[in-house]
Amino acid sequence: MELIKAQKGTQDILPGQSGNWQTVEDVMRDEAALHGFGEIRTPVFEDTRLFQRSVGETTDVVQKEMYTFNDKGGRSITLRPEGTAGVVRALLEHALYNNGLPVKMYYFTTCYRYENTQAGRLREFHQFGAELFGSNSPSTDAELIGLAKGIFDRLNIQNLRLEINSIGCPTCRAKFYDALKAYFAQYQDELCETCRGRLERNPMRILDCKSPVCSKIAAGAPKILDYLCDDCKAHFEQVQTYLNAVGIEYTVNPTIVRGLDYYTNTVFEFISNDLGAQSTLCGGGRYNGLVEEMGGQKMPALGFAMGIERLMMVMEKQKIEMPEPKRCDLFIASLGAAAHLEAFKLAAELRKSSIMAACDENDRGLKAQMKYADKIGAKYSMVLGDDELANQSAELKNMETGEKKKINLAGNFVEQFVCMQTEQGDLAF
Ligand code: HAM
């Protein structure tokens, strides 16, 4: 029968890999908690309008990439293409802003985008993200950037570039849009069809188009930094003052506009040269208008998200050492039903004391059982048979050194095992 394979652009994270994911996730959780962020988990699917309104009708994500379908009740549903919209919805739905401002939340999510797949660009991918609501202080921009950087530093990731920009507020953006429209109008016939449609509605989106012709034209377009109003200019300068104060290095890149419509003011990206074409490891910025646009009160906000697959790719490329996966402490081989029952009981007892134990589950011969113990990397082994049960005595064997030690099955087994591990200098436990 034909084997059904995983869908294009999706990946399995196998037991041999998930330990590394957990290590990375633990660092993220810990760093987020240190910065005062609490975890939020939102649904995988939402009302399609949530993303149309927030991510924006003229973005690639909404125009080309969303997994949208009607459910059996006729509702238009979309698998979340990103995490921010759901978090804003939850903030408003549960009036989380009543619990004191700023509200700080982080999340791990799967995201879904129907993209042309390539290394680092998947259709289902994982993000770690953080969102902060209710402060317009430039210090929070630096704090959020510091949270992302803190994670990269703790994971020992090298050669990351932080690029920042400001894309202003609606006031300064109006003037910028006029300048962009005038500029792109000269190239109207050369722009891709999607960008021609964007020219009137949202010319800034053309700056983010992936088509080579549009990108080339966009390179000569007016720069937003020349159009910032005094307030936005001052805000951007202060963000830099705060970044400088904590020694976070960055470059100002006036071409960063980000691919989603909700951004205002500061935008930033962490870029890695170890990622090939998809070089953005983390992206984010302010979205001071979004909460209000989604039906809430006026509330400044900002956030970022990093792609966990891309992070793992960088870590692998940079050969960053990860902790060894936990190995089985004791494998109990058994011969015969009575011995198997005893092995099963001892393994259960060991696990209650957080000792990783296993026994044969396949009624195999002794040789095959020991081969299995080797395969799972068991640190110690013990054989139970009729003789051992009759004498209430067995031998524990150190699988690395071959050293053996008698153990009294009538005594406290866990205590004797721990004692032997300590004697043999096995501090892994
Ligand atoms: P984004 O730039 O669309 O921003 O995605 C953030 C990160 O997710 C990217 O930097 C990248 O690492 C990863 N990513 C994006 N698309 C893919 C893909 N197709 N395959 C693999 N990884 C991918 C957002 O999603 C915003 N919600 C970030 C944000 C939060 N802004 C404010 N708050």
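Guide: T48 sits in helix α2, which spans residues 48–54; helices here are DSSP runs of H or I with at least four residues, strands are E runs of at least two, and both are numbered from the N terminus. The model is a predicted one, in which local features need pLDDT of at least 70 and side-chain atom pairs count only at pLDDT 80 or more, while totals for chains, interfaces and linings use all residues. Residues are numbered from 1 along each chain as its sequence is written, and side-chain values use heavy atoms, with hydrogens and water left out.

Visitor: Why does T48 count as buried?

Guide: Buried means under 20% relative accessible area, exposed means over 50%, and partly exposed lies in between (1.4 Å probe, protein chains only). T48 has 4% relative accessibility and therefore counts as buried.

Visitor: What makes the pairing of the T48 and T78 side chains a polar contact?

Guide: A polar contact is a pair of N or O atoms within 3.5 Å; within protein, one must be able to donate a hydrogen and the other to accept it, and residues adjacent in sequence count only if both atoms are side-chain atoms. The two side chains make such a contact at 2.8 Å. T78 is also among the residues in contact with T48 when neighbours within four places in sequence are left aside, together with M66, T68, S76 and I77; contact means heavy atoms within 4.5 Å.

Visitor: Is N253 buried or exposed?

Guide: N253 has 17% relative accessibility, so it counts as buried. Its place is in the loop between β8 (251–252) and β9 (264–272). The side chains of N253 and T255 are joined by a polar contact of 2.7 Å.

Visitor: Which residues come nearest to the ligand?

Guide: They are E82, E115, E131, R258 and Y263, out of 26 residues around the ligand; a residue is near a molecule or strand if one of its heavy atoms lies within 4 Å of it. For Y263, an N or O atom of the side chain is 2.6 Å from a nitrogen atom of the ligand.

Visitor: Which strand supplies the largest share of the shell around the ligand?

Guide: That strand is β10, with five residues. β6 (124–133), β10 (280–286) and β11 (301–307) each supply at least two residues of the shell.
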